[in-house]
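Please read the points below alongside the sequence and the model.

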Amino acid sequence: MKIEKIKTLGQLKTAGYESKSIKDELRNNLIEKIKINENVFEGVWGYENSVIPELERAILSRHNINLLGLRGQAKTRLARLMVNLLDEYIPVVEGSEIHDDPLSPMSRFAIEIIKEKGEDTPVSWLHRNERFYEKLATPDVTVADLIGDVDPIKAANLKLSYADDRVIHFGMIPRANRCIFVINELPDLQARIQVSLFNILQEGDIQIRGFKLRLPLDLQFIFTANPEDYTNRGSIVTPLKDRIGSQILTHYPEDIEIAKRITKQEANLDLRQSDLVHVPELAMDLLEQISFEARDSEYVDAKSGVSARMSITAFENLLSTAERRILKSGEQDTSIRLGDFMGVIPAITGKIELVYEGEQEGAAFVAENLMEDAIKTIFPTIFPKINKLERKDAETPYDELVSWFFDKEALELLDDDSDSEYKGKLDAVSPLNQLLKEHHPNLDKKDSYFIKELVLWGLVAHKKLSKYRMSDGVRFKDMYGSYISGL
């Protein structure tokens, strides 16, 4: 019988429906998906051999779960994706505040209506998407918010004594019965509030204001926590940790390819930006490398972490920088330039927590320093390495290029240069063209100018050239000439 035809308790029994707990639902549906090799956690990258197997083992074990990791590691997304493991619909007693199972009612409302109407008790169906509840743990959360409290207005309206359990107003957790309930940033929850979860996690029941009320709630709890919180803002009390079945450690992407995939998937772009702006793959590599450098930087607080959101917002800023340029110039399209990366600095400074030394240097300085470190890391992967110490008179592939700057005044690349002006200036540096011809003869012309500019920034990072940031662009000069001119 189709569910739309099942509208009463009697029809539900006739259809042969069998009740099962939410943890059994998750377990049974996961088993079926594992058998056919179906990916449950679609859109989560880099966890295939680490977090996801541990999460699947926890679900198979019917555990409540704590996802422990630094910010921006997809903890909440993993929790939300678990909804896909629930049955599409479950029956509930119509009108029940706590999604009573018609075959196993527990609230006074459901018990009385079934006693009154019997097989004619009305049944409604709850879709899996409505079975996800989420609460951010903040210091002002109370036991009444989570568990419930006596409602004096209800008592007055119904003319009931405070001793009657019908005056109870249920909190979020009872209302999430037979659902997934997520508490984000668990350590921010006050210790006395965490204590109120003990009975729910272990015995599955709740206690409200001394009522002798046993509600064997059926919930899948998922908690998220940041390890920094354990020392800075609070902690998970030990008995609560003891009641959480599995603690799973999340992590940041381990390589640039995975990080790029995440950024491209999550970036909130206007389709016109994607059409108007060409992004060289090397530009994406450099963008992600900035995050990797930040996680190892002496200026950045490693305990706080560097969220994947930094790369995502930086990518959005990068495209917007290029888009703004062509809107001003009236051109139809453009490619990302390395100079456009100056436009991502606000996305970096807003996403990193600095240690004392970083605060002294300033967020903008640290952001530029991270960009320089990223260029240093990327540069040897596409061009011959520049050694820190070289023999006197030793020849290098960059000698002609450095000499060109020694003989010339300077090269100025302005932020608002049109594409033709920008390309003309780089093409005029003949040793740069020769360098690309030798090391990247088959390079796509669309990408060639980004790499040409990267060579200049790379030589600056390795102290072969100097770079001066003007109000409207960048000036490249040789080291000696710049020293004399004071630039």
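Which residue in β8 does Asn-66 stand opposite?

1. The residue is Phe-223, which Asn-66 faces in β8. This pairing belongs to a predicted model. Strand β1 (residues 65-68) and strand β8 (residues 220-225) are joined in the parallel sense by 4 bridges.

2. Both strands belong to an open sheet of 5 strands, whose order is β4-β7-β8-β1-β9 and whose pairing is parallel. At its edges are β4 (132-136) and β9 (246-249), each of which pairs on one side only. From one strand to the next, the twist averages 20°.

3. Helix α3 (residues 51-60) lies across β1 and β9. Relative to β9, α3 runs at about 170°.

4. A separate point concerns strand β12 (residues 411-414), where the side chains alternate. Strand β12 runs antiparallel to strand β14 (residues 473-478), with 4 bridges between them. Within β14, Phe-476 is the bridge partner of Leu-411.

5. As to confidence, the protein has an average pLDDT of 88, and 93% of the residues score at least 70. Confidence is highest in α3, with a mean of 97, and lowest in helix α11 (residues 229-232), with a mean of 50. Over residues 482-487 the pLDDT is below 50, and this stretch has 7 contacts in the model beyond near neighbours in sequence.

Conventions: Residues are numbered from 1 along each chain as its sequence is written. This is a predicted model: local features need pLDDT of at least 70, side-chain atom pairs count only at pLDDT 80 or more; totals for chains, interfaces and linings use all residues. Side-chain values use heavy atoms; hydrogens and water are left out. Buried means under 20% relative accessible area, exposed over 50%, partly exposed in between (1.4 Å probe, protein chains only). Helices (H or I, at least four residues) and strands (E, at least two) are DSSP runs, numbered from the N terminus. Two strands pair if DSSP finds at least two bridges between them. Axes are lines fitted to C-alpha atoms, for helices over the stretch in contact, and angles run from 0 to 180 degrees between N-to-C directions. Contact means heavy atoms within 4.5 Å. pLDDT is the predictor's confidence in each residue, from 0 to 100.
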